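Colleague: I am new to this structure and would like to learn how to read it. Could you take me through its features one at a time?

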Amino acid sequence: MKKALIVWGGWDGHQPQQVADIFRGQLEQEGFEVEVSDTLEAFADGEKLKGLDLIVPVWTMGRIEQEWVNNVSAAVQSGVGLAGCHGGMCDSFRENTDWQFMTGGQWIAHPGNDKTEYTVNIKSSSSVLVAGIEDFTVSTEQYYLHLDPANEVLATTRFPVAQGPHSTNKTVDMPVVWTKRWGLGRVYYNSLGHQADIMEIPVVKELMRRGFIWAAERDGIQS
């Protein structure tokens, strides 16, 4: 049985406990043994982390001990998967660039704030992570991120939708879903998920389900 660790907390506005509950249900349905923690001390035992198949952070903002980031990084480098969404993974620890390097991006803005309606465009790809999934529209925060050019982008959204100082630039396609490698480990990210109801949207839930399974596979599903 595969083992997963979900660690939730940080800013309550992202409903981390509710999102963690959704993820736990998904993983258990896929046959994972799931541990859920509401403290970053769950990252303190580096050897335990290396015995997992998947780490799922659901933690927005806050600060983390550098040793704990190093432990997560070492586990992922050894082959443990890392997967998450929205600010729970890519706006977790704003001062820690090692975390940002590992996850592949960092949130910087969401023009229009919540309830911005925009399209998620699925990229033409041979990846099983998006096979059979079509473009879809959501009404939520539209994340603008600083990104690792090594990311394998699977879905994008076009800016600008909401007006702002960025609007005088040309249109840009901002990644929404991506994968990357960190050592031997697989990293999966989806920028959707401002609140728990977004993660209950069937297409979003399916994207996350596939991402969890993919990230937890050391060999098997290929991107």
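**Reading the fold**

Modeller: The secondary structure of the protein comes to 7 helices and 11 strands, where helices (H or I, at least four residues) and strands (E, at least two) are DSSP runs numbered from the N terminus. This is a predicted model, in which local features need pLDDT of at least 70 and side-chain atom pairs count only at pLDDT 80 or more, while totals for chains, interfaces and linings use all residues. Residues are numbered from 1 along each chain as its sequence is written, and side-chain values use heavy atoms, with hydrogens and water left out.

Colleague: How do the axes of H1 and H7 cross?

Modeller: Axes are lines fitted to C-alpha atoms, for helices over the stretch in contact, and angles run from 0 to 180 degrees between N-to-C directions. The axes of helix H1 (residues 16-29) and helix H7 (residues 202-216) come within 10 Å and cross at roughly 60°. Angles under 35 degrees count as roughly parallel, over 145 as roughly antiparallel, 65 to 115 as roughly perpendicular and the rest as oblique, and H1 and H7 are therefore oblique to each other.

Colleague: Which residues of H1 and H7 meet?

Modeller: With contact meaning heavy atoms within 4.5 Å, Ile-22, Phe-23, Gln-26 and Leu-27 in H1 meet Lys-205, Met-208, Arg-209 and Phe-212 in H7.

Colleague: What should I look for in the backbone of the loops?

Modeller: Most residues other than glycine have a negative phi, and most peptide bonds are trans. In this model, a cis peptide bond with omega about 0° joins Phe-159 and Pro-160, and Pro-160 lies in the loop between strand S9 (152-159) and strand S10 (172-182). Asn-113, a residue other than glycine, has a positive phi near 60°, and Asn-113 is found in the loop between strand S5 (105-109) and strand S6 (116-122).

Colleague: Where is His-110 placed?

Modeller: His-110 is also in the loop between S5 and S6. His-110 and Tyr-143 are 33 residues apart in sequence, and 4.9 Å apart in space, C-alpha to C-alpha.
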